[in-house]
Amino acid sequence: MTFSEMLNIGLMQGFAGLSLFAVLLLMGLGLAIIFGQMGVINMAHGEFMTIGAYTIYLGSTLAATHAPGFMAYYFPLAIVAAFGIAFAAGWLVEWGLIRHLYKRPLDTLLATWGISLALQQCFRTFIGPKEVSPTLPDWLLGSWTPVEGLDIPINGMFVLGLTVVVTGGVLLALHKSRWGLRVRATVSNRVMANATGIDTKKTDRLTFAIGCGIAGVAGAAFTTIGSTGPTSGSLYIVDAFLVVTFGGAASLLGTVVSAFGIAQTQSITEFFLAGSMAKVITLSLIVLILMVRPQGLFASKVRR
């Protein structure tokens, strides 16, 4: 094998890591927003990702059955629908359950774990226990070949672009919108935020729903790289919590850096070792770094 061939393989493996990075970052963003603002440990976050993935699948099925000529255009609209449906589900969960459990993190953990199991059973009952995959539009298929021997998947580039847009939108909203101002005020000092007239309960509900909506977008991105089943979200929830913990709770910059580091380390080590061993090495590195920096890479001051 020549040096150029090895380089091309390394670049393609690195780009495969970028696809995983995109999914982990979108999952981690939602968790970081929810935990940073409300201190809620949302064990059902993976199921909100699954809601987004199933939305894409159902959109694909409806388009193929009732409007075949719309197949080339359904995907962007289905992404918006994935955000909206996961947002609405998150709003209902916060209103019906989470708002009664603030300042009780262990109770939120158990309650959201119960929601996770309930949603998985709903997926099995109403959609089916088998894994499914949407029919992607033709413009998402194939690869781009900048040089001979280097093939970069088009769907991976799309997912990466989608992640950049969503991440940029979240950062812009946090620093330039009214909602972002209320979130930052609530995180800094909830009592003073209430005293200045900010409805922190409404802010909490909106924040939880937005975090769940971003998980729905992560599910939409996931459909381009894997099939979806009732437990697909639970396979990513541990990695998403690792991203948030490793980067530093409530630090969006830390979430971006840790998602990139974890995805690339796992992808590159999988090229040389078995998948399980690559996972062990990645987790071992994270544990070693957290022993040195227990607050994460970018410690951020959060509300107590």
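User: How do I read burial here? Does Arg 205 count as buried or exposed?

Analyst: Arg 205 counts as buried, at 17% relative accessibility. The cut-off for buried is under 20% relative accessible area. Keep in mind that this model is predicted.

User: Which residue does the side chain of Arg 205 meet in a salt bridge?

Analyst: Its partner is Glu 94, with N to O at 2.6 Å. The pair links distant parts of the chain, 111 residues apart. Glu 94 sits in helix α3 (residues 74-96), and Arg 205 sits in helix α8 (residues 200-222).

User: Is Glu 94 buried or exposed?

Analyst: Glu 94 has 1% relative accessibility, so Glu 94 counts as buried. Arg 205 is buried too, at 17%.

User: How many salt bridges are there in the whole structure?

Analyst: A search of the whole structure finds three. To qualify, a side-chain nitrogen of Lys or Arg must be within 4 Å of a carboxyl oxygen of Asp or Glu.

User: Take Arg 190. With which residue does Arg 190 form a salt bridge?

Analyst: With Asp 204; their closest N and O atoms are 3.0 Å apart. This pair also links distant parts of the chain, though the separation is 14 residues. Arg 190 belongs to helix α7 (residues 190-195), while Asp 204 belongs to helix α8.

User: What is the relative accessibility of Arg 190, and what is the relative accessible area of Asp 204?

Analyst: Arg 190 has 17%, so it counts as buried. Asp 204 is buried as well, with 2%.

User: And which residue does the side chain of Asp 107 meet in a salt bridge?

Analyst: Arg 104, at 2.7 Å from N to O. Asp 107 is partly exposed, with a relative accessible area of 29%. Arg 104 is partly exposed too, with 41%.

User: Now the surface. Which residues make the nonpolar patch?

Analyst: Ile 268, Phe 271, Phe 272, Leu 273, Met 277 and Val 280 make a patch of about 580 Å². Members of a patch need over 30% relative accessible area. Val 280 has 44% relative accessibility, so Val 280 counts as partly exposed.

User: Which helices each supply at least two residues of the patch?

Analyst: α10 (252-272) and α11 (275-292). α10 gives the most, with three residues. Val 280 lies in helix α11.

User: How do I read helix packing? At what angle do the axes of α9 and α10 cross?

Analyst: Look at the axes and their directions. Those of helix α9 (residues 232-247) and α10 come within 8 Å and cross at roughly 125 degrees. That makes α9 oblique to α10; an angle would have to be over 145 degrees to count as roughly antiparallel. The crossing of the two helices is right-handed.

User: What about strands? Where does Ile 152 lie, and is Ile 152 buried or exposed?

Analyst: Ile 152 lies in strand β2 (residues 150-153). Its relative accessible area is 12%, so Ile 152 is buried. Ile 152 and Gly 142 are ten residues apart along the chain, and their C-alpha atoms are separated by 8.6 Å.

User: Let me try Gly 17. Which helix holds Gly 17, and what is its relative accessible area?

Analyst: Gly 17 lies in helix α1 (residues 3-38). Its relative accessible area is 0%, so Gly 17 is buried. Now compare Gly 17 with Val 244: they are 227 residues apart along the chain, with 18 Å between their C-alpha atoms.

Conventions:
Residues are numbered from 1 along each chain as its sequence is written. This is a predicted model: local features need pLDDT of at least 70, side-chain atom pairs count only at pLDDT 80 or more; totals for chains, interfaces and linings use all residues. Side-chain values use heavy atoms; hydrogens and water are left out. Patches are made of residues with over 30% relative accessible area and no salt bridge: like charges are joined within 9 Å, nonpolar side chains (Val, Leu, Ile, Met, Phe, Trp, Tyr) within 5 Å. Accessible areas come from the Shrake-Rupley method with a 1.4 Å probe; for residues, only the protein chains shown count as cover. Helices (H or I, at least four residues) and strands (E, at least two) are DSSP runs, numbered from the N terminus. Buried means under 20% relative accessible area, exposed over 50%, partly exposed in between (1.4 Å probe, protein chains only). Axes are lines fitted to C-alpha atoms, for helices over the stretch in contact, and angles run from 0 to 180 degrees between N-to-C directions. Angles under 35 degrees count as roughly parallel, over 145 as roughly antiparallel, 65 to 115 as roughly perpendicular and the rest as oblique. A crossing is left-handed if the near helix is turned anticlockwise from the far one by less than a right angle, and right-handed if clockwise.
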